[in-house]
Structures are given as structure tokens and as C-alpha cells.
Amino acid sequence: MLSVGDEPRVEANALTRVSSANWEKTGHLDFNLGFQKWGATTSLTYSDFDDMRMGTEGPPEYRRPEFVRRINGEDMVLDNERPNIQKPTGYSQLNMMQKFRYRPTDRWDLNLGVHYSTTSDLPRYDRLTERTESGQFREAEWYYGPQQWFMTNFNGTYYAENGLFDQVKTVLAYQDYEESRNDRGFGSPNLRNREEHVRAYSMNFDFEKELTDQSTLFYGLEGVINKVYSDAQVANIETGNLTSTSTRYPDDSTWQSYAAFLNHKNNLSEQWTVTAGARYNQYLIDATIDAPQFQYDFGKADINRRSPDR
């Protein structure tokens, strides 16, 4: 927030929270500093969650009388002294945000944001409770690796009154996301790891023009590019040997979308508003499917389509 007077605007907030259901411990702090032309906001939140505790009146099949733990190189089934505690479900998470705003004149409004989020390993509780027909646990380990997300975005608005627009807003953004899936069968030394990494680029240009007091025209352009990377391997936790396995998605693949749109709004009266619009979209996919573990009739996806298709 910017200051509306000569004095800078300074604000700060702090929060702490504890929850008994999963012994959540959360701490939050944010700080805002604003002057007449520029300002900055900083935010930081950290949460730690222990294993979830279900209610005592819940369905008995939801209770967790036993769980698996690896002890001295062997998967062991242990009794849960507190079967209402759903082991394991605990994890921790960190969120950070930084924003800047600069408004040098009434015609310009510029904003920059940076966001980052990460977690610890996340247990997949439903998979860890599955059993075979003989009653044995199906999985000894099943968890998501740390989910890391980074985004930076810039948006700027320019106000003017000319033949093309009254205002134009530009949004440029970049995102980087990583996660993994890890699983190991009960009694097996082989831990399968599948990693995904996505880089996303986007841009938007939105124009607005008031034609009359009742009529407004909106139009613009959009572009989105997603780069997807996927890797997979099986690690023998006893010997350390690594072998390749099938990936979740085609590695080093690209998805793209480009669009142009036009929209017209007309306020006929206080009770009636009529809108009409059109959009053209072009999307492309380029992916090489390289999985020797399977037999495919094709090895590459190369798609170039548009909508409406003519």
C-alpha cells in the first residue's frame, strides 16, 4: 500500500497458531512500507504439522492400529499405541512473498511480485494403508518429495486517452515448479523415484477503450509456454545401484498456447447489458515418448491446432 500523505505508511502483522488436531505450529510475519510513489510488502509464513488425529467417534476402519517402519534394514509392522493417530501424515511448509509497487505518475502503475513455497516430504497416507489380499501392507514407503514453487510476475498499467485505448495492462510471469513421487513395496529394497519439473512462461496484453458512455471495447493478446522435464529411476537402498524406469511424462516436452481476443460490452439500460466476443487460439505440443519399458506405435507427439478450426 502506498502512502496518501507526506509521512511513510508503515504496517506490520504477526500471528502464531497452535492446533491440537495435528499439533500444528504456525508462525506468520508481514511488513509493509509505503511512500507516495513506491511501496514494498514482505510476508513470511512457516507451518509444522504432526500426524493427524481422528475423532474418537469416527468409523473404526479409519483407525490406524498398525504402521510400517524400517528398522535395522528390515521393514517392520509396529503396533500403534494410539490408533486414532494417523501415522504418517505430518509435514512442514514454508511460504515467502515479496512485492514492490511503483507509481511515478498518474499514468503509470508498476508492480513486481516474487513468491516462493517449499515443503518437506509429504506422506501419501491412503497408499500407506493399502493391504494385499493376505492382509500384509502393500507399501513400505510412499511420499511426495519436497514440492518447490517459485513465481515472479510483473504487471504494469498505463492510462491514456487516445484512439486505440484508454488503458493497457501488461502481465509477464515466470513459474518454476518441482515435485517427485517416491514409493517402495513392503519388503522390497527398490525405491522408485519419479521427478517432475515444469517451467512456465506467460504474457498478457489487455487493452480497454471506452467508445461511448454505454459502450466499451476490450481486446488483447496472450501467450503461454510450458516446458516439462521428467526423470525416473529405481534405487536399491541396500546396494545403492540405480536403474532407469518409465517417466511419468515425456521428458523435455513443450506445450504452447497463443491467443487473441475481442470483447464488446454495451449497457443498454440500468437493467440490460449486452456483451459479444470472439477469441482465436493456437496451441502446440511437442513431446518425444522415449520409454523402452513399453512398446508404442508412435514415439513423438507433434500437434499444431487452432480454435476455431478452419
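Is Asp183 buried or exposed? Asp183 is buried, at a relative accessible area of 11%, where buried means under 20%, exposed over 50% and partly exposed in between, using a 1.4 Å probe and protein chains only.

## Basis of the model

This is a predicted model, in which local features need pLDDT of at least 70 and side-chain atom pairs count only at pLDDT 80 or more, while totals for chains, interfaces and linings use all residues. Residues are numbered from 1 along each chain as its sequence is written, and side-chain values use heavy atoms, with hydrogens and water left out.

Asp183 belongs to strand S13, which covers residues 167-185. Strands (E, at least two residues) and helices (H or I, at least four) are DSSP runs numbered from the N terminus.

Once neighbours within four places in sequence are set aside, the contacts of Asp183 are Glu139, Glu141, Trp142, Asn190, Leu191 and Arg192. Contact here means heavy atoms within 4.5 Å.

## The largest pocket

The largest pocket has a volume of about 350 Å³. A pocket is an open set of points on a 1 Å grid over the protein atoms alone, with protein on both sides within 12 Å along at least five of seven lines; lining residues have an atom within 4 Å of a point. Grid points are joined across faces, edges and corners, and the volume is the space filled by probe spheres set on the points.

The lining of this pocket comprises 17 residues, and Val68, Pro88, Leu128, Ala140 and Glu141 lie nearest the centre. Strands S5 (66-71) and S11 (139-144) each supply at least two lining residues, and S11 gives the most, with 5. By class the lining holds 8 nonpolar, no polar and 9 charged residues. Ala, Val, Leu, Ile, Met, Phe, Trp, Tyr, Cys and Pro count as nonpolar, Asp, Glu, Lys and Arg as charged, and the others, Gly among them, as polar.

## Backbone features in loops

Pro88, one of the residues nearest the pocket centre, sits in the loop between strand S7 (85-86) and strand S8 (91-102). The peptide bond from Lys87 to Pro88 is cis, and its omega is near -15 degrees.

Two non-glycine residues have positive phi. For Trp23 the value is about 45 degrees; Trp23 is found in the loop between strand S1 (9-19) and strand S2 (24-34) and is partly exposed, at 48% relative accessibility. For Asn72 phi is near 50 degrees; Asn72 is found in the loop between S5 and strand S6 (74-79) and is exposed, at 81% relative accessibility.

Definitions and conventions:
1 Å grid on protein atoms, 1.4 Å probe; cavity = no way out; pocket = protein on both sides within 12 Å on 5 of 7 lines; lining within 4 Å.
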